[in-house]
Amino acid sequence: MSKENADLVLKAAMDSGITSRKELANFMGQVQVESGNFQHLEENLHYSPERLLEVFPNRGVKTLDQARSIVAGGPESIGNTVYGGEWGQLKGGNPEPGDGYKYRGRGFIQLTGHENYRETGQRLNMDLVNHPDDAAKPEIAARVAVDFWRTRVVSKGQQEDITRATYGINGGYNGLSERIKAVHEWETRLEMGYKPGMADPLAPTPTLRQGSHGSQVSQVQNELRDLGYRDKDSRPLAVTGKFDSSTKQAVETFQTASGLKADGVIGLATRHKLDEAHQAIQNTKAATPDNASTEAKKRTFVPEAKASQASASSNGKPDEDSYFRNLVRREQEIRQTTMQSQGATQTPEKTRTTGLHAGL
């Protein structure tokens, strides 16, 4: 999916006043399918003779030999045949020779025909009749898509109905299952607070392994380092952005302690466990406020946990079971001490953890 173009369309829809999440998801899903994942802004008129005859038997294409002759003339010949002639005058609003190709499908929702270009241009206060190629420019195409939606779908009260909106857009139910899937995915994005410019929460999580590099690797190294992992020389794991042998060793050790396959590869399961463990550290640190007693601050889990892991390790690898037991115990002690200093007597609540990389 072209995220840049998708963001343009989403922004145009939001700027136009579409506020219903259900309508917005329906609109985005429909446009996504119509435009081939927001990538195609001009109709593909490169047909084979066989396909041209199959698709347009009622548009002046009667025989295979005739189809071969039309295709030999290239896209302009095809456009003028299927969108021009008698059909073009009656249905497409293309009165002049050459209008079929000139006003071929453009935009995220294919705008076709002289009259549609004229009427849409009037509503958007632009001259699309004399400048039809403008309809294929992403920023304008996004506005055209919103206008098309309002004219063909919203005007009939179909904006939240996937099936009826599909018919309103293309006069049939082509690709309905694909549209339903795309709309539901957009519902999920919007429920997660997605807005133009944000990272796509449904984008696949990259798999990291030895040889990978970049900011994702740096973040993993930083989390492992915070958890006390060291390199093969017993030094704190370096944050380099390069997935080297020391990083692989640390990942394997973490996976073993977490009950995962120790393959040194960071996929979705390992990322989730790593995020969860790192978030527990953040929660524990946050549980000791600046105004807590000096004794409470001294009792943070980090020094003792690291001492515990060092004494129970071999070759610089931490004993993860002991480490995480210490982590939970220290957090409970810190919360208890802090509550007592504030006159509280209730039992500390169990720590809630959330992933830092959800949706990345």
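Guide: Let's start with helix α12, residues 215–226. This is a predicted model. At 1.5 Å a residue, the 12 residues of α12 should span 16 Å, and the end C-alpha atoms are 16 Å apart, so the two agree.

Visitor: Which residues of α12 are buried?

Guide: Val 217, Val 220, Gln 221, Glu 223 and Leu 224. Seen down the axis of α12, these buried residues fall within an arc of 160°, so they line one face of the helix.

Visitor: What do the buried residues of α12 pack against?

Guide: Two helices: α13 (245–257) and α14 (268–286).

Visitor: And what comes just after α12?

Guide: Gly 228, with a positive phi of about 95°.

Visitor: Back to α14. Is Asp 275 buried or exposed?

Guide: Asp 275 lies in α14. Asp 275 counts as buried because its relative accessibility is 2%, and the cut-off for buried is under 20%.

Visitor: How far is Asp 275 from Glu 223?

Guide: Their C-alpha atoms are separated by 7.8 Å. Along the chain, the two are 52 residues apart. Glu 223 is one of the buried residues of α12.

Visitor: Let me zoom out. How many helices and strands are there?

Guide: The protein chain has 17 helices and zero strands.

Visitor: How much of the chain is buried?

Guide: 41% of the 360 residues count as buried.

Visitor: And what share of the contacts comes from residues 24 or more positions apart?

Guide: 56%, taken over the contacts with a separation of 6 or more.

Visitor: Now the cores. Which residues touch the most other members in the largest nonpolar core?

Guide: Val 9, Phe 27, Phe 38, Phe 108 and Trp 186. That core has 30 residues.

Visitor: Which helices each supply at least two residues of this core?

Guide: α1 (3–15), α2 (21–34), α9 (138–152), α10 (162–170) and α11 (176–191). The largest share, six residues, comes from α9.

Visitor: What is Phe 27 in contact with?

Guide: Leaving aside neighbours within four places in sequence, Phe 27 is in contact with Val 9, Ala 13, Ala 145, Val 146 and Trp 149.

Visitor: What about a second core?

Guide: There is a separate one of 15 residues. Among its members are Val 217, Tyr 229, Ala 250 and Ile 281. Val 217 is also one of the buried residues of α12.

Visitor: How many residues of α2 are buried?

Guide: 11 of the 14, so α2 is largely enclosed by the rest of the structure. The buried residues include Glu 23, Asn 26, Gln 30 and Gln 32, along with Leu 24, Phe 27 and Val 31.

Visitor: What covers the buried residues of α2?

Guide: The cover includes α1, α9, α10 and α11.

Visitor: Take α1, then. How do α1 and α2 cross?

Guide: Their axes come within 11 Å and cross at roughly 145°. The crossing is right-handed.

Visitor: Which residues meet there?

Guide: From α1, Ala 6, Val 9, Leu 10, Ala 13 and Met 14. They meet Leu 24, Phe 27, Met 28 and Val 31 in α2.

Visitor: And what follows α2?

Guide: Gly 36, whose phi is positive, near 60°. Asn 37 also has a positive phi, about 65°, although it is not a glycine.

Visitor: Where does Asn 37 lie?

Guide: In the loop between α2 and α3 (49–55). Asn 37 is partly exposed, with a relative accessible area of 31%.

Visitor: Change of topic: Asn 125. What is its phi?

Guide: Positive, about 60°, and Asn 125 is not a glycine. Asn 125 lies in the loop between α8 and α9.

Visitor: Is Asn 125 buried or exposed?

Guide: Asn 125 counts as exposed, at 74% relative accessibility.

Visitor: Last stop, α8. Where is Glu 119?

Guide: Glu 119 is in α8, residues 114–124. Glu 119 is partly exposed, with a relative accessible area of 32%. The C-alpha atoms of Glu 119 and Val 129 are separated by 9.2 Å, and the two residues are 10 apart along the chain.

Technical notes
Residues numbered from 1 in each chain as written. Predicted model: local features only at pLDDT ≥ 70, side-chain atom pairs only at ≥ 80, totals over all residues. Heavy atoms only, no water. Helix = DSSP H or I, 4+ residues; strand = E, 2+ residues; numbered from the N terminus. Expected span 1.5 Å × (residues − 1). Buried < 20%, exposed > 50% of the residue type's maximum accessible area, 1.4 Å probe, protein only. Arc of directions from axis to C-beta. Contact = heavy atoms within 4.5 Å. Core = buried A, V, L, I, M, F, W, Y, C linked by side-chain atoms within 4.5 Å. Axes fitted to C-alpha atoms, helices over the stretch in contact; angles between N-to-C directions. Left-handed = near helix turned anticlockwise from the far one by under 90°.
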